[in-house]
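Welcome! Please look over the sequence and the 3D view below, and then we can walk through them together.

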Amino acid sequence: MTDAEPHLLRTLAPLLAAESQAEAAAAGVEPEDFEQAVWLKLLERLHEDDAPERPADWLRRAVRGEARRARRTALRERPYGGEAAAEPHTSPERSALVAELRRVLRAAVGRTPGHCPRLLTAMLDPADPTYREIAGELGISQGSLGPMRSRCLGCLRRMLAAEVPAPRPMGRVR
């Protein structure tokens, strides 16, 4: 490592941190992962006597290259085993609470007025039908589905909010 390299690394550190922070959210990666990968690439280049002429520009390109690589990797990766892999330590209490919330939601959907029960049931379908499929099933135009959905969800939201008791002072429930 030459005498200029520590100075170069110190001057590039804030730029690398800012660039990594800017790219991390879109790539779904921690900014520190970008920083580590780019530092490694830079140090490899410096030790090969292939130092970039304009290090700041090189650093920006390297961070963006790492972001593209991370996005491509994320598109190809899939979680193992679906939902069970996402929550490997699901407790019986958690399962009971989720089942109760689903039961309350389904019951509230059944009490909504007009076409809302059929619309909301179709939207809660695990097969995840498209708007076109839902509109065909309900016999309505696809363009009216969005406003109808909005009204039905508003109605459902109000119904569910009314079922939750309002807290009183000191955290007691009425």
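Ser20 has a relative accessible area of 0%, so it counts as buried, the cut-off being under 20%. This serine is found in helix 1, which covers residues 4-27. What is Ser20 in contact with, leaving aside its neighbours within four places in sequence? The partners are Pro31, Phe34, Glu35 and Val63. Keep in mind as you read that this is a predicted model.

**The chain as a whole**

The protein chain holds eight helices and zero strands. Read along the sequence, its pattern is α-α-α-α-α-α-α-α. Of the 174 residues in the chain, 26% are buried. Take the contacts between residues at least 6 apart in sequence: 52% of them join residues at least 24 apart.

How confident is the predictor? The pLDDT averages 80 over the protein chain, and 82% of the residues score at least 70. Among the elements, helix 6 has the highest mean pLDDT, 90, while helix 4 (residues 83-86) has the lowest, 50.

**Helices 2 and 3**

Helix 2 runs over residues 31-47. Its 17 residues should span 24 Å at 1.5 Å a residue, and because its end C-alpha atoms are 24 Å apart, the two values agree. Helix 3 (residues 55-76) has 22 residues and reaches 32 Å from its first C-alpha to its last, close to the 32 Å expected at 1.5 Å a residue.

Which residues of helix 2 are buried? They are Pro31, Phe34, Ala37, Val38, Leu42 and Leu46. An α-helix has 3.6 residues a turn, so residues three or four places apart point the same way.

Glu66 lies in helix 3. Is Glu66 buried or exposed? With a relative accessible area of 5%, Glu66 is buried, because that value is under 20%. Leaving aside neighbours within four places in sequence, Glu66 is in contact with Phe34, Ala37, Val38 and Lys41. Phe34, Ala37 and Val38 are among the buried residues of helix 2.

**Helices 5 and 6**

Helix 5 (residues 92-111) packs against helix 6 (residues 116-123) at an angle of about 145°, and their axes are 7 Å apart. From helix 5, Arg106, Val109 and Gly110 make the contact; from helix 6, Pro117, Leu120 and Thr121 do. These contact residues divide into three nonpolar, two polar and one charged.

Val109 is worth a look of its own. This valine of helix 5 counts as buried at 3% relative accessibility. Leaving aside neighbours within four places in sequence, Val109 is in contact with Pro117, Leu120, Thr121, Leu124 and Leu156.

**A disulfide and another cysteine**

How many disulfides does a search of the whole structure find? The search finds one. A disulfide is a covalent bond between the sulfur atoms of two cysteines. Here Cys116 is joined to Cys152, with 2.0 Å from S to S. The pair links distant parts of the chain, as Cys116 is in helix 6 and Cys152 in helix 8 (residues 142-163), 36 residues apart. The link is left-handed, with -80° about the S-S bond. Both Cys116 and Cys152 are buried.

Cys155 is in no disulfide, and the nearest cysteine sulfur, that of Cys116, is 5.8 Å away. At 15% relative accessibility, Cys155 counts as buried.

**An exposed loop residue**

Most residues other than glycine have a negative phi. Asp128 has a positive phi of about 55° although it is not a glycine. Where is Asp128 found? Its place is the loop between helix 6 and helix 7 (131-138). Asp128 has a relative accessible area of 60%, so it is exposed, the cut-off being over 50%.

**Accessibility side by side**

The table gathers the relative accessible areas of residues discussed above.

| Residue | Relative accessible area | Class |
|---|---|---|
| Ser20 | 0% | buried |
| Glu66 | 5% | buried |
| Val109 | 3% | buried |
| Cys155 | 15% | buried |
| Asp128 | 60% | exposed |

Key
Residues numbered from 1 in each chain as written. Predicted model: local features only at pLDDT ≥ 70, side-chain atom pairs only at ≥ 80, totals over all residues. Heavy atoms only, no water. Helix = DSSP H or I, 4+ residues; strand = E, 2+ residues; numbered from the N terminus. Expected span 1.5 Å × (residues − 1). Buried < 20%, exposed > 50% of the residue type's maximum accessible area, 1.4 Å probe, protein only. Axes fitted to C-alpha atoms, helices over the stretch in contact; angles between N-to-C directions. Contact = heavy atoms within 4.5 Å. Nonpolar A, V, L, I, M, F, W, Y, C, P; charged D, E, K, R; others polar. pLDDT = per-residue confidence, 0-100. Disulfide = S-S within 2.5 Å.
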